[in-house]
Amino acid sequence: MIVILIGYMASGKSSLGRLFAKKIDYNFIDLDEFIEIKEKMPVKNIFETKGEIYFRKMESIYLDEIINKDNNIILSLGGGTPCYGNNMATILNANHVKSVYLKASIASLIERLKNEKNKRPLISHLKNNEDLAEFIAKHLFERSVFYDQTQYKISTDNKTKNEIVEELYSILI
Ligand code: S3P
């Protein structure tokens with residue numbers, strides 16, 4: 001089985017994925033980190049030097065590679081991965097894949113992202129918290145069409161990481 005964690009930036013995909021993998025003794029892969037190793041450059045630099053279209057192509061190629069080759073892993077995607085190319089169809093059509101949307105409210109995403117803007121190429125240009133709030137609300141609305149297609153959804157607001165990991169365990173194992 002491959003468990004794929006999906007959700008907006010800062011929804012906890014990587015940290016929860018790592019914890020859950022440890023709990024069930026699976027390997028963990030973070031797609032952004034996988035791309036950084038393969039491309040020998042941080043995601044931020046890929047965006048800056050090669051552009052977003054190149055990044056999206058690599059994201060699809062490496063997602064396919066992992067889904068076709070690996071098993072018994074927890075895979076955390078980038079926030080945009082399910083929303084480009086055929087990625088969501090690839091995820092839903094693979095029999096050995098279970099997908100989970102880690103659903104965080106706009107308010108909690110704003111809270112988490114306002115201190116991390118500079119690390120993230122899609123929001124680093126936003127000038128203030130008002131612009132950030134407006135961007136997230138609109139962007140999340142557009143992306144929800146894809147996120148909502150996952151087999152499972154877990155709301156993460158007001159829950160500890162351990163509580164969310166237990167919930168993942170109870171729905172998937
Ligand atoms: C992106 C999210 C990032 C990373 C890239 C684009 C997005 O991953 O893939 O900066 O389009 O939402 P995280 O969701 O892990 O921050």
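Buried means under 20% relative accessible area. That cut-off is used in the legends below, which describe a predicted model.

**Figure 1. Strand β1 is enclosed.** Strand β1 covers residues 2-6. Of its 5 residues, 5 are buried, so the strand is largely enclosed by the rest of the structure. In a regular strand, side chains alternate between the two faces of the sheet. Both faces of β1 are covered. Ile2, Ile4 and Ile6 lie on one side. Val3 and Leu5 lie on the other.

**Figure 2. β1 pairs with β3 and with β4.** Strand β3 spans residues 73-76 and runs parallel to β1, joined to it by 4 bridges. Strand β4 spans residues 97-103. β4 also pairs with β1 in the parallel sense, over 5 bridges. Follow Val3 in this view. In β4, the bridge partner of Val3 is Lys98.

**Figure 3. The largest pocket.** What volume does the largest pocket have? The value is about 670 Å³. Rolling a probe the size of a water molecule over the atoms shows where empty space is left. The lining of the largest pocket is made up of 30 residues. Met9, Lys13, Asp32, Gly78 and Arg120 lie nearest the centre of the pocket. By class, the lining holds 13 charged, 9 nonpolar and 8 polar residues.

Figure 4. Side chains of opposite charge can pair when their charged atoms come close. How many salt bridges does the structure hold? There are 11. One of them joins the side chains of Glu33 and Arg18, at 2.9 Å from N to O. Glu33 sits in helix α2 and Arg18 in helix α1, so the pair ties together parts 15 residues apart in sequence. Glu33 is partly exposed, at 37% relative accessible area. Arg18 is partly exposed too, at 39%.

Figure 5. Helix α7 covers residues 129-147. In it, Lys138 and Glu142 are 4 residues apart, which means about one helical turn separates them. Their side chains meet in a salt bridge of 3.6 Å, N to O. Is Lys138 buried or exposed? Lys138 counts as exposed, at 57% relative accessibility. Glu142 counts as partly exposed, at 40%.

Figure 6. The side chains of Glu111 and Lys114 form a salt bridge at 3.0 Å, N to O. Glu111 has a relative accessible area of 47% and is partly exposed. Lys114 is partly exposed at 30%. Which residues are linked in a network of salt bridges? They are Lys38, Glu65 and Lys69.

**Figure 7. Ser60 meets Asn87.** Ser60 is found in helix α4. Its relative accessibility is 17%, so Ser60 counts as buried. The side chain of Ser60 makes a polar contact with that of Asn87. The contact is 2.7 Å.

How values were computed:
Residues are numbered from 1 along each chain as its sequence is written. This is a predicted model: local features need pLDDT of at least 70, side-chain atom pairs count only at pLDDT 80 or more; totals for chains, interfaces and linings use all residues. Side-chain values use heavy atoms; hydrogens and water are left out. On a 1 Å grid over the protein atoms alone, a cavity is a set of points where a 1.4 Å probe fits but cannot get out, and a pocket is an open set with protein on both sides within 12 Å along at least five of seven lines; lining residues have an atom within 4 Å of a point. Grid points are joined across faces, edges and corners, and a volume is the space filled by probe spheres set on the points. Ala, Val, Leu, Ile, Met, Phe, Trp, Tyr, Cys and Pro count as nonpolar, Asp, Glu, Lys and Arg as charged, and the others, Gly among them, as polar. A salt bridge is a side-chain nitrogen of Lys or Arg within 4 Å of a carboxyl oxygen of Asp or Glu. Helices (H or I, at least four residues) and strands (E, at least two) are DSSP runs, numbered from the N terminus. Buried means under 20% relative accessible area, exposed over 50%, partly exposed in between (1.4 Å probe, protein chains only). Two strands pair if DSSP finds at least two bridges between them. A polar contact is a pair of N or O atoms within 3.5 Å; within protein, one must be able to donate a hydrogen and the other to accept it, and residues adjacent in sequence count only if both atoms are side-chain atoms.
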